[in-house]
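User: Please examine the model shown below. I should like its pockets, cores and helices treated in turn, with the criteria stated.

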Amino acid sequence: MQITAEQAAAELARRRGTVQAPAPVAAPAITAEAAAAELARRKEAAAAAQAEIEKRRIADPRSFRDFQLRAATEDRGGMDAFQQGAAQGMSLGLMDELTGALLTPVELGIGAFSGEDEDKGILDRIADSYGRARDLSRRSMDTARENHGGAALAGELSGGLMTGAASVATALPAATTRLAKVGVAAADGALQGGIAGFGSGEGLGDSVERAGTGAVLGLGLGAGVSAAAPVIGKTVSAGRTAIVPFTKSGQERLAAEKLGSGASDLVGLRAALASPTPDLVPGSAPTTFQLTGDMGVGGLERAAATRAPAPFQDRRAAQNSARLGTMGGVETGGAAESVAAAARLGFDDLDRSTQSLLDDATNTARRATDAVGPGMTPDVAGDTMRLGLEADRRVVKDAERGLWDSVDPDGTLTLGLPGLRSRANDLVATHSKFAKPMEGDEADIIGSIKGIGDQMPFSDVQALKSRIYNAGKKERIDNGETPAHRRLGLLGSSLVDDLDNAASGAPFADGSLPTFDQAARDRLSAANKATKDRFETFDNPTLGPIRARPMDSSPYDMPASAVPGRIFYGEPRSFDAVNTFRKAVGDQAARDALQGYVVDRLRKTALSADGTLDAARLASFRQQHADALRAFPDLDRKFADAGTASTAMAEVAASRTKSLADYEKGVLGSLMKLDDPADVTKTIGGIFNSRDGVSRMTKIAGAVAGDPDAQQGLRRAVVDHMKGKLVSNTEAATSGEALLKSDAFQTFVGGNRATLKAAGFTDAELDTFGAIAADIQRSNRSLTAVKIPGQSNTAQDVGSVLSRVLQASGSKGGGLGLGGVGFLAGGLPGAVAGGLTAGAAKMLSIMKQNGLSRVEDILEDALLNPDRARILLQRLDPNASPVEWEKIANAFARAGTTATNIESGAEPRSRAPFQN
């Protein structure tokens with residue numbers, strides 16, 4: 001079906017919400033009952049919606065603005081359109097200004113009541129109130145023209161004819177001469193042209209400029225009789241120009257010229273449009289200016305958006321919706337709370353794994369502790385040591401006694417004791433008369449010694465030796481280390497010396513020689529040595545006290561529990577004491593008894609409740625007893641092994657404690673305490689504000705590794721955070737979706753790429769985020785690139801899109817000046833004809849405005865769609881191929897089918913009317 005350019009333009013206007021669409025195609029047949037039910041339902045819904053609107057309007061005075069706008073854009077039928085057109089024609093285009101002036105007081109009251117003029121001065125309030133009232137009148141007239149163009153045009157034509165005819169009829173009778181009539185016609189033409197020109201202007205400056213142009217043109221046409229032919233020729237030329245906006249090709253050419261002349265770099269613009277880049281974000285189609293960056297096209301876009309903001313706002317909303325959809329589409333599944341669940345599982349796994357390691361280390365340490373041995377309590381160890389010592393000493397003593405008995409087997413040997421006699425005499429001679437007298441066994445022994453002759457039987461010598469030893473022992477036990485005990489010890493030593501001399505054959509102290517033969521001396525030497533060895537081995541200062549007691553049947557002076565401590569203690573001398581004991585009882589017996597005691601002491605000092613040795617206390621024990629432990633190298637190695645195992649166990653325990661504490665203090669610990677998805681999202685989002693964000697996000701990613709649900713949950717939490725942080729509260733047009741924050745999104749994506757990658761987003765997904773940021777930056781050209789620094793950047797800065805075209809094509813006032821021409825041509829009838837011609841000129845201006853409006857629609861479409869702009873610019877190339885011309889024609893033909901498709905529910909083409 002062939003679609004006209006007018007139908008295409010009407011469809012474009014309908015998309016902006018200002019023109020009703022053509023009737024929809026017939027829907028499938030339904031029953032009468034279903035139709036009635038549906039109609040009733042829709043009426044109820046409409047009534048409820050209207051009631052809600054009225055309720056809100058009454059509650060909020062500012063909603064009155066919505067009511068005014070609906071009233072101004074409401075289709076009130078053809079008769080109302082004719083009446084508004086007639087009023088506009090009769091007032092020579094000043095009806096909107098007159099209405100604005102009349103309703104200024106009303107608007108002042110509304111502005112004061114609603115508060116919108118609260119901070120303005122009185123002059124600003126008056127000016128703004130006048131502007132609002134005037135704009136509402138213009139909007140109402142525009143609605144009438146768009147919905148009922150023929151009726152509005154007829155009304156304006158009728159009103160203009162009436163005003164022109166009345167003016168000429170009133171002024172001409174007063175003129176009596178042709179010159180006067182020429183003057184009246186010229187004045188009438190100038191007046192009507194000036195008024196009409198002023199009424200067609202936009203703003204004071206433009207209105208004054210148009211008024212002057214109309215007045216001069218009307219005056220010139222009225223007075224220029226001699227120039228009538230040239231004027232008529234120019235009028236024909238202007239008429240030819242005026243016809244251009246009413247043809248399809250003319251509208252396309254005008255739009256192409258507007259686009260081409262407005263471009264800053266036409267060659268560059270064409271090159272950019274010839275090789276357009278794909279959409280950065282699927283569904284976010286750029287405008288021609290956003291795609292090419294041509295500043296002149298940016299100015300055209302800003303002017304077009306000022307004239308009709310809805311399509312550009314819709315495009316911005318569509319771009320924003322595509323970005324939101326793309327961002328949200330990166331991760332559509334997953335649940336943020338699954339990250340918290342994974343964090344809890346991670347903590348449980350860490351707890352189990354570290355506990356297992358600790359259990360292994362503890363078991364190893366226990367085995368090392370068990371290898372040390374069970375130990376032996378001090379009293380048991382003491383009894384064992386003393387019993388062994390006593391038993392070994394008895395064996396040695398018995399052997400010693402046998403040696404002594406063998407010295408004089410037949411009882412014939414005698415021995416002089418000169419040393420002993422001399423010692424006894426010295427003790428008596430040096431004893432002070434003031435000292436305690438010698439008494440008891442000491443006195444008897446000294447008396448017996450003094451009575452010894454040069455020789456005495458060997459058996460008596462042995463008996464004397466035993467008596468001296470026993471007496472000394474008894475004195476020490478009874479009275480301690482007394483002078484008597486010391487004197488008895490000196491006597492015993494002198495006796496031993498005499499025996500040594502006898503055994504060696506050396507002379508005695510008095511020069512006499514022993515009477516022993518060599519065999520007897522050998523036997524005596526062996527017995528004497530046995531006695532000394534016994535004393536050094538068993539009766540020395542280290543071991544002697546262990547055996548000390550008053551008599552063989554009496555308890556020992558030293559308790560059994562103190563015996564081991566006399567041998568093993570924390571001093572360097574303990575090493576010698578251990579060796580002394582080992583020498584007395586043998587290495588194995590000494591090791592068995594002493595090692596049990598040492599192990600017991602270690603357990604008492606370092607054993608922990610878990611059955612292992614505390615590494616620190618074990619080390620202290622070993623250091624304190626280092627010298628004594630040198631006597632037990634094997635045992636010390638076991639201690640070292642146990643210490644190593646205990647140290648390892650302690651290190652594992654410390655590591656486990658630290659790992660669990662670090663987990664709880666870190667971001668995973670924070671997450672595992674959460675259940676609410678919003679809290680999880682907030683915690684994960686906070687990572688992006690931290691200096692170690694990559695490290696912290698990596699830890700979370702490690703915790704969710706191997707759990708697809710948790711991995712998706714992490715990505716979902718990040719996307720939700722981005723939506724919450726980077727989406728504003730401002731709605732994009734009327735889309736119901738909030739706008740992405742431009743600067744915030746670009747900064748976030750640019751500064752957090754590494755952190756986002758750590759969260760599990762692929763390079764392709766990160767590139768998607770980057771594409772969204774780049775798309776936002778590109779679309780912001782429409783908002784920031786063409787702003788005029790230091791100015792308000794309103795429609796006054798940009799100017800009317802149609803103003804220069806209208807001026808080039810003539811004004812309403814210029815046309816009405818033809819009344820003067822009519823008068824000069826034929827008097828009063830000619831003046832009437834001139835007035836009619838003025839009305840026709842006004843009709844031509846109105847028709848031309850409608851045509852140029854369609855030109856603006858074509859230009860607007862090209863500004864919104866780069867591919868259509870590329871095809872449209874072919875209009876400027878006289879060598880364009882027939883194929884390109886066919887594309888242009890077909891594009892506008894397709895535009896006419898869009899309304900039918902929309903009303904019937906079909907999906908409209910996204911790039912009509914211009915498509916390749």
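**Pockets, cores and helices**

User: How much space lies in the second largest pocket?

Analyst: A pocket is an open set of points on a 1 Å grid over the protein atoms alone, with protein on both sides within 12 Å along at least five of seven lines, while a cavity is a set where a 1.4 Å probe fits but cannot get out; lining residues have an atom within 4 Å of a point. Points are joined across faces, edges and corners, and a volume is the space filled by probe spheres set on them. For the second largest pocket this space is about 1700 Å³.

User: What limits apply to the model and its numbering?

Analyst: The model is predicted, so local features need pLDDT of at least 70 and side-chain atom pairs count only at pLDDT 80 or more, whereas totals for chains, interfaces and linings use all residues. Residues are numbered from 1 along each chain as its sequence is written, and side-chain values use heavy atoms, with hydrogens and water left out.

User: Which element gives the largest share of the lining of the largest cavity?

Analyst: The whole structure holds 1 cavity of 30 Å³ or more, and the space in the largest cavity is about 70 Å³. The elements giving two or more residues to its lining are helix 4 (78-90) and helix 6 (122-147). Its lining includes Glu-74, Arg-76, Asn-147 and His-148, and divides into 2 nonpolar, 6 polar and 4 charged residues. The largest share, 4 residues, comes from helix 6.

User: Which residues touch the most other members of the largest nonpolar core?

Analyst: A nonpolar core is a set of buried Ala, Val, Leu, Ile, Met, Phe, Trp, Tyr and Cys residues joined through side-chain atoms within 4.5 Å; buried means under 20% relative accessible area, exposed over 50% and partly exposed in between (1.4 Å probe, protein chains only). Of the 46 residues in the largest core, those touching the most other members are Met-697 and Phe-745.

User: Which helix gives the largest share of this core?

Analyst: Contact means heavy atoms within 4.5 Å. Beyond four places in sequence, Phe-745 is in contact with residues including Met-327, Met-722, Leu-726 and Phe-769. The largest share of the core, 7 residues, comes from helix 33.

User: Is Arg-778 buried or exposed?

Analyst: Arg-778 is found in helix 36 (residues 763-779). Its contacts beyond four places in sequence are Thr-277, Leu-280, Ser-284, Pro-286, Gln-290 and Leu-291. Because its relative accessibility is 10%, Arg-778 counts as buried.

User: How far apart in space are Ala-527 and Trp-404, C-alpha to C-alpha?

Analyst: Ala-527 lies in helix 22 and is buried, with a relative accessible area of 0%. Not counting residues up to four places away in sequence, Ala-527 touches Glu-400, Leu-403, Trp-404 and Val-407. Ala-527 and Trp-404 are 123 residues apart in sequence, and their C-alpha atoms are separated in space by 5.1 Å.

User: What is the distance between the end C-alpha atoms of helix 16?

Analyst: The expected span of a helix is 1.5 Å times one less than its number of residues. The 36 residues of helix 16 (residues 337-372) should therefore span 52 Å, which agrees with the end C-alpha distance of 53 Å.

User: Which residue just after helix 16 takes a positive phi?

Analyst: Helix 16 covers residues 337-372. Just after this helix, a positive phi of about 115° is taken by Gly-373.

User: What percentage of the residues in the chain is buried?

Analyst: The chain has 44 helices and 4 strands. Of its 916 residues, the buried share is 41%.

How values were computed
Nonpolar A, V, L, I, M, F, W, Y, C, P; charged D, E, K, R; others polar.
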